Amino acid sequence: MCSVDNTKRIAAFLEVPLGKVGYNSEKILTRTKSTEEPSISGFSSIIQSLVRETQKPAVKALHSDFEVECQILQWLDYAVLFVAPSNKDKHAAKSLLEELNQYLQSRSYLVDDALSVADVVVFHTIHETMANLQPLEKENFLNVSRWFHHLQHLEEVRQGKHLLNFSTLQLLEWATGTHT
C-alpha cells in the first residue's frame, strides 16, 4: 500500500531524511519537513519531493532525462491508482498481475534498463499481494515473479522485509506431497 511504512522505506532507499509523515484530518498521507516549510500531501507528491532531495547519483542520473522522469511519474500514479487497491481485491490483483506480467515480458525493470524509484515503489506496494500468492499462482506470473525475486535480493530495496519464496523446488515438494 501507499502507506507511512512504504514512504519511510522509499526515503531510506533514496537516502533522504523523511521528516514527519502521517495522515492529515482528511486521511491523506502528508509529509512535514520542518515548521518553516509547507507540508506535502499525497503519496506521489511526497515521493517526487524525496526524489528531488536525493543525492544518490544513480537516481539523479535517471531523473535528468525528461522522458524517463515522466515514465517514473506514471508508475508512481499507477502504484497509487491500481497497485495499492489490488491488495484488497483478489480479482483486481489478478488483473494487475496479468498486466504487469505482460509488461515485464521483455524488461528487467519498469523504466529504462536500470533500477529506479518506480521499481522500489511498485515493489513495496505489491509486496502484500505477492506474499499472499500460492506457489502455483506465482508460476502463472513468471515475469512478475522474476522481477520481484530479483528486487527482493537487493537489500537497499527490500530493507528487512521477509524474503518470499519463489523456489520451484518448494513447488515440486508441495506437489509431490499432495499427490502421494
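Student: Which residues does A11 touch, not counting residues up to four places away in sequence?

Tutor: Contact means heavy atoms within 4.5 Å. With neighbours up to four places away in sequence left out, A11 touches V16, L18 and L50. This is a predicted model: local features need pLDDT of at least 70, side-chain atom pairs count only at pLDDT 80 or more, and totals for chains, interfaces and linings use all residues. Residues are numbered from 1 along each chain as its sequence is written, and side-chain values use heavy atoms, with hydrogens and water left out.

Student: Is A11 buried or exposed?

Tutor: Buried means under 20% relative accessible area, exposed over 50%, and partly exposed in between (1.4 Å probe, protein chains only). A11 has 2% relative accessibility, so A11 counts as buried. A11 sits in helix α1; helices (H or I, at least four residues) and strands (E, at least two) are DSSP runs, numbered from the N terminus. A11 is also 8.6 Å from V51, C-alpha to C-alpha, although the two are 40 residues apart in sequence.

Student: How many residues of α1 are buried?

Tutor: Eight of its 11 residues are buried, so α1 is largely enclosed by the rest of the structure. The buried ones are V4, N6, T7, R9, I10, A11, F13 and L14. They pack against β1 (20-23), β2 (29-32), α2, α3, α6 and α9 (155-158).

Student: At what angle do α1 and α2 pack?

Tutor: Axes are lines fitted to C-alpha atoms, for helices over the stretch in contact, and angles run from 0 to 180 degrees between N-to-C directions. Helix α1 (residues 4-14) and helix α2 (residues 43-53) pack at about 15°, with axes 10 Å apart. That makes α1 roughly parallel to α2; angles under 35 degrees count as roughly parallel, over 145 as roughly antiparallel, 65 to 115 as roughly perpendicular, and the rest as oblique. The crossing of α1 and α2 is right-handed: a crossing is left-handed if the near helix is turned anticlockwise from the far one by less than a right angle, and right-handed if clockwise.

Student: Which residues meet there?

Tutor: T7, I10, A11 and L14 in α1 meet F43, I46, I47, L50 and V51 in α2. By class, this contact has eight nonpolar residues, one polar and no charged. Ala, Val, Leu, Ile, Met, Phe, Trp, Tyr, Cys and Pro count as nonpolar, Asp, Glu, Lys and Arg as charged, and the others, Gly among them, as polar.

Student: How do α5 and α6 pack?

Tutor: Their angle is about 130°, with axes 11 Å apart. That makes α5 oblique to α6. The crossing of α5 past α6 is left-handed. On the α5 side A93, L96, L97 and L100 take part, and they meet V122, I126, T129 and M130 in α6. The contact of α5 with α6 holds seven nonpolar residues, one polar and no charged.

Student: How many residues are in the largest nonpolar core?

Tutor: A nonpolar core is a set of buried Ala, Val, Leu, Ile, Met, Phe, Trp, Tyr and Cys residues joined through side-chain atoms within 4.5 Å. The largest one has 50 residues, and those with the most contacts inside it are L14, I47, L100, L110, I126, M130 and W147. The helices that each supply at least two residues of this core include α4 (66-86), α5 (90-103), α6 (117-131) and α8 (142-152). As for M130, its contacts beyond four places in sequence are L97, K138, V144, S145, F148, L164 and F166.

Student: Is H127 buried or exposed?

Tutor: H127, in helix α6, is buried at 6% relative accessibility. Its contacts beyond four places in sequence are F148, K161, H162 and L164. Q71, in helix α4, is partly exposed at 26%. With neighbours within four places in sequence set aside, Q71 is in contact with V111 and D112.

Student: What is the phi of E15?

Tutor: Most residues other than glycine have a negative phi. E15 has a positive phi near 60° and is not glycine. E15 lies in the loop between α1 and β1 and is exposed, with a relative accessible area of 61%. Q159 also has a positive phi, of about 50°, although it is not a glycine; Q159 lies in the loop between α9 and α10 (168-178).
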